[in-house]
Amino acid sequence: MRISALPAAAVLVAATLAAGAVPAAADTPGPILTMELEAGTAALHHNTAKVTYQRVDGAVNSVKIISVEIVSGERDCAWVSWNDPHNVNVWSNLTSEPSCNGTGLFESHDQIIKAPADHPLKVRLAGDHLGDVVHKDIEKL
């Protein structure tokens, strides 16, 4: 006696779904997005940054940081940070070091940042000149 494989496969799929497994399509990440930041005046104090990120599918108020790129002004150091609700100083850096004196900095990430639903996620480009934050741009993710 021969048993068809198709009904057996259907039973296996139904049992897997009933046990709580989610089909792979539900884990599809969102589109890759870019947030551009610009702070300071033209020339010597002009700082720019680009944050590439992706929303975390199914998670409230969570994004995956893919990369951060900064180019500082000639006389500044520039940092990119996010408004971390768990940091007493409010802002947590997304780069290991600043970009200073007109140099560029690029860092790849695989970092998920998240906050409670009532805390909007934001990124900040801050230009530091001689120890004081003098230029900044804050954008909502």
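Mentor: Let's start with a rule: two strands count as paired when DSSP finds at least two bridges between them. Keep in mind that this is a predicted model.

Trainee: Okay, so what makes β4 and strand β8 a pair?

Mentor: Six bridges join β4 to β8 (residues 122-129). The rule asks for at least two, so β4 and β8 pair, and they run antiparallel. Within this pairing, valine 80 stands opposite leucine 125 in β8.

Trainee: How do you know that β4 and strand β5 pair as well?

Mentor: Here there are three bridges, between β4 and β5 (residues 91-93), again in the antiparallel sense. At least two are needed, so that one passes too. Look for tryptophan 82, which has serine 92 of β5 opposite.

Trainee: And what about β4 and strand β6?

Mentor: Two bridges link β4 with β6 (residues 99-100), and the strands run antiparallel. Since the rule says at least two, that is enough to call them paired. Alanine 78 has serine 99 of β6 as its bridge partner.

Trainee: Why is β4 called largely enclosed?

Mentor: Because five of the seven residues of β4 (residues 77-83) are buried. A residue is buried when its relative accessible area is under 20%. Across the 141 residues of the chain, 30% count as buried.

Trainee: Switching topic: how many salt bridges are there in the whole structure?

Mentor: A search of the whole structure turns up one.

Trainee: What makes the contact between aspartate 110 and lysine 64 a salt bridge?

Mentor: Their side chains meet at 3.3 Å, N to O. The cut-off is 4 Å between a side-chain nitrogen of Lys or Arg and a carboxyl oxygen of Asp or Glu, so the pair qualifies.

Trainee: Which parts of the chain does the pair link?

Mentor: Distant ones: aspartate 110 sits in strand β7 (residues 104-114) and lysine 64 in strand β3 (residues 62-71), 46 residues apart.

Trainee: Is aspartate 110 buried or exposed?

Mentor: Aspartate 110 has 63% relative accessibility. Exposed means over 50%, so aspartate 110 counts as exposed.

Trainee: Then why is lysine 64 called partly exposed?

Mentor: The relative accessible area of lysine 64 is 29%. Buried needs under 20% and exposed needs over 50%, so a value in between is called partly exposed.

Conventions. Residues are numbered from 1 along each chain as its sequence is written. This is a predicted model: local features need pLDDT of at least 70, side-chain atom pairs count only at pLDDT 80 or more; totals for chains, interfaces and linings use all residues. Side-chain values use heavy atoms; hydrogens and water are left out. Helices (H or I, at least four residues) and strands (E, at least two) are DSSP runs, numbered from the N terminus. Buried means under 20% relative accessible area, exposed over 50%, partly exposed in between (1.4 Å probe, protein chains only).
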